[in-house]
Amino acid sequence: MCPDSNLEMLMARYQEGDFAAATALVEGISPQLHRFFVAQLASRSDADDLLQETWLRIHRVRHTYRSGEPVLPWFYAIARHVRVDHYRKAIRTRVHEQRLEEISTAAATVSGKGRPPDDLRDVLAPLPESQREVIEMLKVAGMSLEEVARATSTSVGSVKQKAHRAYRKLRETMSAMGSRKGQSGGQA
Amino acid sequence: MIDREIDETLKRVSQTPHAVEPVLLGSIADSVKATLQPVRCLPPTWILACGLALLCAAVAVAGAARAGFYGVEKMNSLQLMLFFPVLTILIAVAATEFVNAMIPGSLRKLSPSALLATNCAVLVGVLGLLFRDYRTEHFLSAGIICLLTGFLHAIPAGLLCWLMLRRGFAVNSVSAGLVAGTLAGLAGVGVLELHCANFEAAHLLVWHTAVVPVSGAAGAVLAWALRWQGGRIAEASAQRTPMS
């Protein structure tokens, strides 16, 4: 992960039309954004598509970044927008095809067939989408509360509340998993 | 399970390397290179917010100049000194929030609905405090005229504000539409207070204040319709594009 000041400098050069800076940003930020999409229960190929779409948007609106502002929330805000857009399109497509199954049911099948297991996705799977993205940004991307609030267009208080609820849910899930493991271990 | 253990689990999973296909990164870099040119960044938030506030003030003054400054001429000095500064502050706050809604990664101090509610509450409070004529003559007929006048002036204010921030990018277009509508509605209230000489408290509290939520709702609905239309167009073009 690049330090924030380095990202700011690269972003400024990217805005000036420097291809080397653009490539460095693509290589530095993409794994983080890709992981963000995968953590939101996207398949790997969906995450690839979302990443490409995100970079198209980033490139189109790169003038909206102002130097001195935090870089990561800017990237994540656009990535989040692309993901929400993708989710809406998926719903519309499903309506057109008259499929009755719920999109969330399909998405929540974490260890589905043909999907490689991913630890982070497994850990965050029990959480609702809004809490999952907050935990991913706070604990995996290492963003501060204010940066997460910027990326999600909410207040710091709201981010704190979502993180608190997510931790409560994770505590319950992990405790349940631990007790199940204990029981099966006892039987063996 | 305690929070520290959850933190450790998350730390462990976050430290596992997550690679992206080099081919994918290469194709992204190539697509960026194809249209890479220097860009002019947006000005700082305060400059854009001042511009928006000036636009709203210009629309309010122009509207009142066309219809007549009857309201402001009839106001006493206390009403003049209290109402217009409060309206200016509300416009400044709404303008700042609109700029934040149009720039990704900006820190939002108020949610769009809280902004709308705060504006309505402050307007009701100030108008209720300053205007104490409790008669209600021609409540409905006079009220609807004022609501329409305010809303019709909010439309150009909203359009001009959107034009000014057309280079921005709203990550949530509906909430940006709600904020833009609220800001434009405040310009509409400005026109009414400069023009309308009906100082009945009920008229002011209901019909003048109503311009803000009506305009805000119109902004949100318009943004939603544009987003829906954009989605349909994108979908249709994707269906027309042959699969590779």
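Modeller: Domain bounds in this predicted model come from an automatic or database domain assignment. For chain B, the assignment gives domain 1 (3–38) and domain 2 (45–234). Residues are numbered from 1 along each chain as its sequence is written, while chains are lettered from A and ligands numbered from 1 in the order in which they are written. Because the model is predicted, local features need pLDDT of at least 70, side-chain atom pairs count only at pLDDT 80 or more, and totals for chains, interfaces and linings use all residues.

Colleague: How far apart are the centres of domain 1 and domain 2 of chain B?

Modeller: 43 Å, taken over C-alpha atoms.

Colleague: How many helices and strands does chain B have?

Modeller: Nine helices and zero strands. A helix is a DSSP run of H or I with at least four residues, a strand a run of E with at least two, both numbered from the N terminus. Along chain B the elements read α-α-α-α-α-α-α-α-α.

Colleague: What makes chain B more spread out than a compact globule?

Modeller: Its radius of gyration, taken over C-alpha atoms. The globule rule is 2.2 Å times the number of residues to the power 0.38. For 244 residues that rule gives 18 Å, and chain B stands at 24 Å, well over it, so the chain is more spread out than a compact globule. Along the principal axes, its C-alpha atoms fill a box of roughly 75 × 55 × 35 Å.

Colleague: Why is Ser153(A) called buried?

Modeller: Being buried takes 20 or more other C-beta atoms within 10 Å of a residue's own, being exposed takes 12 or fewer, and partly exposed is in between, with C-beta atoms placed from the backbone. Ser153(A) has 25 such atoms, so it is buried. Ser153(A) sits in the loop between α8 and α9 of chain A. Its phi is near 55 degrees, positive in a residue other than glycine.

Colleague: Is His138(B) buried or exposed, and why?

Modeller: With 12 other C-beta atoms within 10 Å, His138(B) is exposed. His138(B) is in the loop between α6 (112–130) and α7 (139–164) of chain B. Its phi is also positive, near 50 degrees, in a residue other than glycine.

Colleague: What class does Arg57(A) fall into, and why?

Modeller: Arg57(A) has 17 C-beta neighbours inside 10 Å, so it counts as partly exposed. Arg57(A) belongs to helix α3 of chain A. Beyond its neighbours within four places in sequence, Arg57(A) is in contact with Ile78(A) and Val82(A). Contact requires C-beta atoms, placed from the backbone, to lie within 7 Å.

Colleague: What makes a set of residues a nonpolar core?

Modeller: The members are buried Ala, Val, Leu, Ile, Met, Phe, Trp, Tyr and Cys residues, joined through C-beta atoms within 7 Å. The largest one has 110 residues, and those touching the most other members include Phe75(A), Leu52(B) and Leu186(B). Helix α8 (residues 173–195) of chain B gives the largest share, 12 residues.

Colleague: How do you know where this core lies relative to the two domains of chain B?

Modeller: Domain 1 (3–38) and domain 2 (45–234) of chain B both give residues to the core, so it lies between them. Leu186(B) is in contact with residues including Cys56(B), Leu87(B) and Ala94(B), leaving aside neighbours within four places in sequence.

Colleague: How many residues of each chain are in contact with the other?

Modeller: 51 residues of chain A are in contact with 39 residues of chain B. Helices of chain A that each supply at least two residues include α2 (19–39), α4 (71–96) and α9 (156–187). By class, that side of chain A has 20 nonpolar, 15 polar and 16 charged residues. Ala, Val, Leu, Ile, Met, Phe, Trp, Tyr, Cys and Pro count as nonpolar, Asp, Glu, Lys and Arg as charged, and the others, Gly among them, as polar.

Technical notes
Contact = placed C-beta atoms within 7 Å.
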